[in-house]
Amino acid sequence: MFGSTWKKTIGALAVATGMAAAGQAAAEDTKVGFVYVGPISDHGWSYMHNVGREAIEKELGLTTTYVESVNEGPDAERVITKLAKDGHNLIFTTSFGFMNQTLKVAKRFPNVKFEHATGFRRSDNVSTYSARFYEGRYVVGHIVGKMTKTNTIGYIASFPIPEVIRGINATILGARKVNPDVQIKVVWVNTWVDPGKEGDAAKALIDQGADVIMQHTDSPSPLQVAQNRGVWAVGQASDMKTFAPKSQLTAIIDNWAPYYVARAKAAMDGSWKSEDTWGGFKSGMVQLADYNEAIPADVVKLAEEVRVGITDGSIHPFAGPIKNQAGEVIVPEGEVADDKTLLGMNFYVEGVQGELPQ
Amino acid sequence: MDSAIVIASVLTIMTAATPLVFAALGELIVEKSGVLNLGVEGMMIVGAICAFATAVTSGSAFLGIIVGMLAGAGLSLLFAILTQNLMANHVATGLALTIFGIGLSALIGDGFAGQKLDPLPKGIPGLSDIPVIGPLLFGHDILVYFSIVATGAVAWFLTKTRAGMILRAVGDNHDAAHSIGYSVIKIRYMAILFGGAMAGLGGAYISLAYSPLWAEGMTAGRGWIALALVVFATWKPWRAFLGAYLFGGVTIIQLIIQGYGINIPAQFLSMLPYLATIVVLVVISRDKYLVKMNAPACLGKLFHASH
């Protein structure tokens, strides 16, 4: 809340002035606003949304505005309202916790279009979009299952929401495909960014025998710890290789740019409709960073096969049989978990250690 | 749990506690002089970014530590001018300092996120390889040792030196100290600057040793824990040191037991330091004698020489 900074960026004016009269009018009419939960300097979640914003400016020459470090509380409503009042006709709110505030403001501004990331409530002028990060984690699961010597994956998790639980489950499902003995130890840190605590969690997991560190938090601190301790790690949201050149096996990258550009275009030409988009490898919303050279060629080949399989639809990470920790079958053989099950996921699958906090 | 895990856990707790020790020692001296500076979090985070930026640009971690301390002291100078010369309310000014510090650190830090830094070197070569006691006694970075020395020095200063006695006199009764010729404002200025430098050092430890990178808001409330610690320790340096290890330990132990599959609500553990502080406050406030023994009598009160 205290860290909120207003920054305005005037889009590439040269591009706008060079456009045809009609296009110019549309470009001048369309202003795009962004609300970020973290600072754009987080090198992770908010940073990647900002990369998407920059793509809108660069490719469409639109004026965009962003507000960073916005609290997921009442302050978000104020910020979103301000953007709507200031004449932004397309507003992206890029955190799950902005859901109710986005819908509330959208009701008051029916002519403004809203895009809420990772949420599940829509209205006539509110779209939702998210990325199937679990697809990336499933591929990564295959890699870490092969790379671990101790059969223990350490996983630093933020909050027990379906998005995070899905990632943990996808990882173990992928890992168990190649290594039935592998286990995941999960530590919940109850924060998205606290480098000190994330690093401490990584240390605790390594001390307890984990030789691969994965994370669903936003700072590169766990990778740094992994690098210093000589264990493997997987980057989160963006390529974090600079922090762990030896340790980073790969990274799951959020690529919002194509979606953002397409939606801004739709808003310009009037074809924008309220929709729900959940993109993965196929739409390019989820990408993997370059594989570490230390990964054996056959493991890379396997990972690529899985990635291609998910992209063309022949492989589904949550294909049955899937059992929960108690051994009960949740998804029977021959079926795949539907999106509703995935979006509401609130149980650990077999192979995850510990109890899921409620 | 085998001994290797216990040793590793103790090492983790020590790095987590060290920034708290620095910030709490600084604030302890400030409060002993009768000044309440709630800006610890702000001074810490400015110290963290200035230390990190300097270490990255110059390549010298030592220079980073110095600049981090100077930055913390610089911010506290602002507080000193406002509260000592311009008679601003301590609480309001301190809160403003925290908000200002968080914003300022984000501004300075623009462009430093995503840069990496090698952590401070750890361990005394040869000695740290001795089993068990090696890593525990000799396996730390230099600032961990300094935090122990600094605690001893502050304790000695407050109880055994004339200057320490004068500082306490100013904190307990500024009018009396003034009437026998001590410059209350000058003494408080020095205490505030020391507090700022120590908070800056705590911040520098976070961004140079604890997690050597820069992320906005990376102190994550540790300044507030340090403030709570001072009260928890009833203004005694070694108790503050112990408290820092206790508070740091609670966080780490919670992470460790999660790895073993035991579930304690993390929210409960993160409120423990504050709960403990409230309990201590209630206990000492119930007894007039205890209040007199511990809390500086002039804490947070404005001083005007003409009174």
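**The annotated domain and the interface**

The UniProt record, an unreviewed entry, lists residues 30-300 of chain A as "domain: ABC transporter substrate-binding protein PnrA-like"; such annotations may be inferred rather than shown by experiment, and their positions follow the numbering used here. This is a predicted model, in which local features need pLDDT of at least 70 and side-chain atom pairs count only at pLDDT 80 or more, while totals for chains, interfaces and linings use all residues. Residues are numbered from 1 along each chain as its sequence is written, and side-chain values use heavy atoms.

Q: Which residues form the salt bridge between chain B and chain A?
A: A salt bridge places a side-chain nitrogen of Lys or Arg within 4 Å of a carboxyl oxygen of Asp or Glu. The count between the two chains is 1. At 3.2 Å, N to O, the pair is R222(B) and D194(A).

Q: Which helix gives the most to the side of chain B that touches chain A?
A: In chain B, α1 (3-32), α11 (237-259) and α12 (266-285) each supply at least two residues of that side. The helix that gives the most, with 7 residues, is α11(B).

Definitions and conventions
Chains lettered and ligands numbered in written order. Helix = DSSP H or I, 4+ residues; strand = E, 2+ residues; numbered from the N terminus.
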